[in-house]
Every structure is written in structure tokens, then in C-alpha cells.
Amino acid sequence: MQQKWEVTRPERYVEGKYFASLKAKVIDPGICSHCGTCSVCPVKGIRVEDKPIYFPNWEEECIDCAACVRVCPRYDYVPLNGMGEYIEILAAKSKRFKGQDGAMATEYLVSAIEKGLIDEAIFVGRDEDWRTTVHRVRDADQVNTLLTGTKYSFAAVLPEMIQSVREGNNVGVVGTPCMVSGIRKMQREIRLFAKRVKLVIGLFCTENFYWHQLSAFLAERGIDLRKGIKTDIKKGKFIVEYADGEKAEIPVKEFDPIIPSGCKVCQDFAAVESDVSVGSVGSKAGFSTLIIRQEVAKDLLDFMKEQGTVEVIEEVKMKIVEKLIHHKMEIHPYPPKK
Ligand SMILES: Cc1cc2nc3c(=O)[nH]c(=O)nc-3n(C[C@H](O)[C@H](O)[C@H](O)COP(=O)(O)OP(=O)(O)OC[C@H]3O[C@@H](n4cnc5c(N)ncnc54)[C@H](O)[C@@H]3O)c2cc1C
């Protein structure tokens, strides 16, 4: 017997193909987070580049399947916020990798490969100008210092993750809270992704940037990103660290003009829908703060302990994490204040 498979399609907000509604409701009003989930588009028309999401020739090429609006976390947007549900909160560091903080995002992904949970992990690397690049990793030897560490620019993680899943892989992925929400919405809508995306690591995040705007902004202030070996945001300052140990610092307040409008409506600091959230604040230098939310993340931490690859401490300064959670909710009201 032939099976009939139907999906519920969201409301159209303008006449015409569904991409027109995504454009009218999310992209044109500037609430798109640039998470890239809409690149699930079966005709691969939607582009995730260093500019707002777009679909050249959508009038001709869009097949009106509604995939983009079904997976978009900003279509009929209800902001997430708060600490979210969790099993435990800890600080930890990897004993084998060097990362932004405790390299726990990397440790999680590589441990998931070694435990056999996933075939591939998606990492965000960078070129010498700090443009983001996206890579698939299959074992610990493929990890290098360009793949670890924070890049404060949008990255096309989701298109790569989608491609990897379509090739039949089980994947692990790390991303900003908006990407995590995109993945979760996609998993609720499309069974293949619910089955194949086995580990979702969320990063604490206040905002991200378009690379072309960030690099121009820094260049105007005499900062050459090419010479930087690490970028960080600490205590209200954006910091670029150079190979000789010198540092350039700019107050984050000055970045206001280049904060993307889609970040300004996001209230989710702690990536509440992730399996485990990883951040810098709350832990001493060299450690990552972990908010373990799902059993899969707890099991992986147990595995790391058995393998002897992590050092775990209980001490996390929750007040500062809570402060940043509330700060993000305050500075990003939704709907935005006129
Ligand atoms: C845009 C952004 C803003 C952040 N803001 C805060 C903040 O306000 N407060 C705070 O405590 N922490 C923030 N973080 C998280 C923090 O900088 C570290 O990423 C986190 O503590 C993990 O460190 P680690 O040493 O465990 O990670 P590592 O082991 O070094 O791994 C870092 C991982 O992050 C991934 N990654 C790097 N850049 C990006 C990117 N642009 N998009 C998606 N994935 C990426 C890499 O693929 C890698 O897997 C932010 C991260 C990002 C990307």
C-alpha cells in the first residue's frame, strides 16, 4: 500500500511562494539570526555567506516546499531565555586540547567520535584574515589550533551539518544559541535530523558579527586581525591577542553600530536547547563552564573521566552566569522597543 506523508505547513504571510513569506517575516524586518537552518532548502538555493541570508532567483527556483519556514526558529518567533533545564553545572578542562577556555567544546566533540556516538564533528576554523571556515573532523589528529577557539563571526556550520547528515553520517555540532534553536526546530520537523544529529553543543553568546564589518571596524582602530592569534570578549572588552603576547583592547560598547539586527532580538545567552552549554564566564581561567542538560552529555563526561582526558571541578560562579543571562534579556527586548 502506498503511504501518504503529509506535513503541516506554516501560515503564509504574503502571497506567493513560501520563500516570500520567510523574506517578509524574517529577513527583511532584520530578525534573521543567520543560523543557516534554512539552507536545508532542497534546491540548495538559500545562501549562508558573510551577508544577510539570500536566495538568488527565488521567484523562479523556489519549489514552494515550505522547508525553510518550517525549520526557521525566527518564523513566528518566541524568544527563549533564562538558565534552562539542566542536570548539573560544572567547570572542566581538557587535558589534551588547547582551546578558547578549557577546550571542552573540542573535548566533547572528539570524545563523541571516540565513543562511537558520531561519525563526524563539525568545527569552525578560520583563514589568516579570520574569515570563518567549516570543517568535518573524524579523529583527534585532525584537530588543530585553527579549529579550536572562538571566532566572532557568523559561520556556515548548518549547511555543512545538513550535507553531512544527507551523506548518511551521525554528527556532532557546536554552535551559538540561535544555531542550536535552528537545529532543534529542524529535528522536530524532519525525522532524518532527529535521528542523525546526536550531539548539540551550545556556546554562551551575547552577540556575533558579520566578518566584513568586524574586520573593517577593527582595521579602522589600527588592529590587524591577521597578526592576532586569539580573540576574546572579557570584562566588557573585545581583546585581540598577538603572537608576541601584546594585546589590543576595545570596549564592547563601541561595537553597537555593527551588532547585527538579528542578534539584537535574541535573549538566549545560555543556549537553553543544547545537550550541553559551554562558556567562558563562571569558571577560572583555563576552564570552561558546562551546563549539562541531557543524559547524552552526562554520559560523555563520564566517558571522558574514564579515559582520563578531563579535569573537572565543581566550582562555578553562578552569579556572573545569571547576571549575563539577565543582561541579555534586558538589552534585547522582543518585540524591540520603538
Ligand atoms: C560568537 C560567540 C560569542 C560568545 N560569547 C560569549 C560570552 O558572551 N560569554 C561567554 O562566557 N562565552 C561566550 N562564547 C563562548 C566562548 O567564547 C567559548 O567558545 C566557550 O567557552 C568554549 O570554549 P572552549 O575552550 O571549551 O572551546 P574550544 O574547545 O576552543 O572550541 C571552540 C568551538 O567553538 C566553535 N566555534 C568557534 N567560533 C564559532 C562560531 N563563530 N560559530 C560557531 N561555532 C564556533 C569551534 O568550532 C569549536 O568547536 C562565545 C562564543 C561565540 C562563538
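How many of the ten residues of helix 1 (residues 18-27) are buried? The structure examined here is a predicted model, in which local features need pLDDT of at least 70 and side-chain atom pairs count only at pLDDT 80 or more, while totals for chains, interfaces and linings use all residues. Residues are numbered from 1 along each chain as its sequence is written. Helices (H or I, at least four residues) and strands (E, at least two) are DSSP runs, numbered from the N terminus. A residue is called buried if 20 or more other C-beta atoms lie within 10 Å of its own, exposed if 12 or fewer, and partly exposed in between, with C-beta atoms placed from the backbone. By this criterion, eight of the ten residues of helix 1 are buried, and the helix is mostly covered. The buried set consists of Tyr-18, Phe-19, Ser-21, Leu-22, Lys-23, Lys-25, Val-26 and Ile-27. Among the elements that cover these residues are strand 2 (51-54), helix 2 (58-61) and helix 3 (67-71); contact here requires C-beta atoms, placed from the backbone, within 7 Å.

The protein chain is divided into domain 1 (18-71), domain 2 (88-208 + 260-331) and domain 3 (211-258), with bounds that come from an automatic or database domain assignment. Between domain 1 and domain 3, the C-alpha centres are 31 Å apart.

Most residues other than glycine have a negative phi, and most peptide bonds are trans. Lys-44, in the loop between helix 1 and strand 1 (47-49), has a positive phi of about 55 degrees although it is not a glycine. Lys-44 counts as partly exposed because it has 13 C-beta neighbours inside 10 Å. Asp-64, in the loop between helix 2 and helix 3, is likewise not a glycine and has a positive phi of about 60 degrees. With 12 C-beta neighbours inside 10 Å, Asp-64 is therefore classed as exposed.

Attention now turns to the sheets. Strands of a sheet pair through backbone hydrogen bonds, either parallel or antiparallel; here, two strands are taken to pair if DSSP finds at least two bridges between them. Eight strands form an open sheet in the order 5-4-6-7-11-12-3-13, and the pairing is mixed. Strand 5 (132-137) and strand 13 (310-313) are at the edges with a single partner strand each, so one side of each has no neighbour in the sheet. On average, neighbouring strands of this sheet are turned by 30 degrees against each other, direction ignored. Axes are lines fitted to C-alpha atoms, for helices over the stretch in contact, and angles run from 0 to 180 degrees between N-to-C directions.

Within this sheet, strand 4 and strand 6 run parallel and are joined by three bridges, with Glu-120 opposite Val-171 in strand 6. Strand 6 is in turn joined to strand 7 by five bridges, again in parallel, and Val-174 has Ile-201 as its bridge partner in strand 7. Three bridges then link strand 7 to strand 11, also parallel; the partner of Leu-203 in strand 11 is Val-278. Strand 7 itself is mostly covered, with six of its seven residues buried. Helix 6 (residues 177-189) lies across strand 6 and strand 7 (197-203), running at about 155 degrees to strand 7.

A further open sheet has three strands in the order 8-9-10, with antiparallel pairing. Strand 8 (228-234) and strand 10 (247-251) are the edge strands, each pairing on one side only. Neighbouring strands of this sheet are turned by 15 degrees against each other on average, direction ignored. Six bridges connect strand 8 and strand 9 (residues 237-242), and Ile-233 is opposite Phe-238 in strand 9.

The ligand is surrounded by 33 residues, of which Gly-99, Ala-105, Thr-106, Gly-279 and Ser-280 are the closest; a residue belongs to these surroundings if its C-beta atom, placed from the backbone, lies within 6 Å. Helix 4 (104-114), strand 4 (120-126), strand 6 (171-175) and strand 11 (276-279) each supply at least two residues of the shell, and helix 4 gives the most, with three residues. The shell has 15 nonpolar, 16 polar and two charged residues, where Ala, Val, Leu, Ile, Met, Phe, Trp, Tyr, Cys and Pro count as nonpolar, Asp, Glu, Lys and Arg as charged, and the others, Gly among them, as polar.

How values were computed: Two residues are in contact if their C-beta atoms, placed from the backbone, lie within 7 Å.
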